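Subject: Handing over the two-chain model

Dear colleague,

Here is the structure I promised to pass on to you, and below it you will find a summary of what turned up when I went through it. Please keep the sequence open beside the text as you read.

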Amino acid sequence: MTLEKYKKIRLAITVVIAMVFSQTIVLSNNYFLPIVLTIAMASLLMYFKSKIKEVLADERDYEIGGKAALVTIQIYSWITSIVMFLLYIFRDKNPSFESIAFTLAYTTCFLMLSYRIVFKYYAKGGSILRSANEK
Amino acid sequence: MKNKIKELRTKKGMTQEELASSVGVRRETIVFLEAGKYNPSLKLAHDVAKKLGVGIDKLFIFE
């Protein structure tokens with residue numbers, strides 16, 4: 001299977017999932033069918049992905065991905081920090097501001113901590129690049 | 001860092017796609033390599049040099 005064909009199949013599956021989601025959840029409030037369909041479609045996509053003979057990602061993609069992830073985390077952290085402080089300052093205006101501010105603070109801390117742990121893991125083993133190069 | 005990838009590849013009659021698939025990278029990586037906009041890993045540099053039948057020192061020109 002070629003990459004182009006896989007992309008077309010992925011797009012078609014996304015459209016089908018979106019249609020089924022909108023029809024079942026919004027109209028009939030049914031959650032069972034979308035969950036089953038999502039699992040089935042994800043499995044199907046994984047199967048098609050394994051059949052692709054072309055290279056999906058190489059060392060350059062991983063390098064760009066690393067830089068992009070770092071910058072994204074920095075942007076997210078700065079924005080949430082500013083929003084968090086603003087919400088905390090104006091907590092008297094709305095009682096829910098304080099809990100939103102704390103939620104933002106904890107999610108930012110969790111994100112930064114996760115990044116640090118994953119970074120340490122790859123810094124020690126470097127298994128992503130190694131497996132990419134071995135292919 | 002300049003290189004002679006394009007020159008040697010065309011001499012061998014290879015397309016970017018063929019070179020890319022033979023060394024296990026995407027065609028875009030070869031495009032960036034030839035334009036001197038990407039510094040490859042030692043392994044990729046070695047693989048490309050081997051595929052083109054020259055040494056790394058002959059393929060890449062360090063300035």
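In helix 3 of chain B, the buried residues are Thr29(B), Ile30(B) and Leu33(B). Because these residues cover an arc of only 100° around the axis, they lie on the same side of helix 3 of chain B. Please bear in mind that this is a predicted model. The elements against which these buried residues pack are helix 3 of chain A together with strand 1 (2–3), helix 1 and helix 2 of chain B. After helix 3 of chain B comes Gly36(B), which has a positive phi, near 75°.

One of those packing partners can be described in more detail. Helix 2 of chain B and helix 3 of chain B have their axes 8 Å apart and pack at an angle of about 110°, which means that helix 2 of chain B is roughly perpendicular to helix 3 of chain B. From helix 2 of chain B, the contact is made by Gln16(B), Glu17(B), Leu19(B) and Ala20(B), and from helix 3 of chain B by Arg27(B), Thr29(B), Ile30(B) and Val31(B). Sorted by class, the residues of this contact are four nonpolar, two polar and two charged.

Which residues does Ile30(B) contact, leaving aside its neighbours within four places in sequence? They are Gln16(B), Leu19(B), Ala20(B) and Val25(B).

Just after helix 4 of chain B, a positive phi of about 75° is found at Gly53(B).

Turning to the contact between the chains, six residues of chain A are in contact with nine residues of chain B. On the side of chain A that touches chain B, the classes are one nonpolar, one polar and four charged residues.

Within chain A, the axes of helix 1 (residues 3–28) and helix 2 (residues 32–50) come within 10 Å and cross at roughly 175°, which means that helix 1 of chain A is roughly antiparallel to helix 2 of chain A. Among the residues that meet here are Tyr6(A), Arg10(A), Ile13(A) and Phe21(A) in helix 1 of chain A, and Leu37(A), Met41(A), Leu44(A), Leu45(A) and Phe48(A) in helix 2 of chain A. By class, the residues of this contact divide into 14 nonpolar, two polar and two charged.

Two of these residues can be followed further. Leu44(A) counts as partly exposed because it has 13 C-beta neighbours inside 10 Å, and although Leu44(A) and Arg10(A) are 34 residues apart in sequence, their C-alpha atoms are 9.6 Å apart in space. Leu45(A), with 15 C-beta neighbours inside 10 Å, also counts as partly exposed. Leaving aside its neighbours within four places in sequence, Leu45(A) is in contact with Arg10(A) and Ile13(A), whereas Leu45(A) and Lys124(A), 79 residues apart in sequence, are 31 Å apart from C-alpha to C-alpha.

Lastly, is Tyr115(A) buried or partly exposed? Tyr115(A), which is found in helix 4 (residues 96–125) of chain A, counts as partly exposed, because it has 16 C-beta neighbours inside 10 Å. The C-alpha atoms of Tyr115(A) and Ala18(A), which are 97 residues apart along the chain, are separated by 31 Å.

Notes
Residues are numbered from 1 along each chain as its sequence is written. Chains are lettered from A and ligands numbered from 1 in the order in which they are written. This is a predicted model: local features need pLDDT of at least 70, side-chain atom pairs count only at pLDDT 80 or more; totals for chains, interfaces and linings use all residues. Two residues are in contact if their C-beta atoms, placed from the backbone, lie within 7 Å. Ala, Val, Leu, Ile, Met, Phe, Trp, Tyr, Cys and Pro count as nonpolar, Asp, Glu, Lys and Arg as charged, and the others, Gly among them, as polar. Axes are lines fitted to C-alpha atoms, for helices over the stretch in contact, and angles run from 0 to 180 degrees between N-to-C directions. Helices (H or I, at least four residues) and strands (E, at least two) are DSSP runs, numbered from the N terminus. Angles under 35 degrees count as roughly parallel, over 145 as roughly antiparallel, 65 to 115 as roughly perpendicular and the rest as oblique. A residue is buried if 20 or more other C-beta atoms lie within 10 Å of its own, exposed if 12 or fewer, and partly exposed in between; C-beta atoms are placed from the backbone. The arc is that of the directions from the helix axis to the C-beta atoms.
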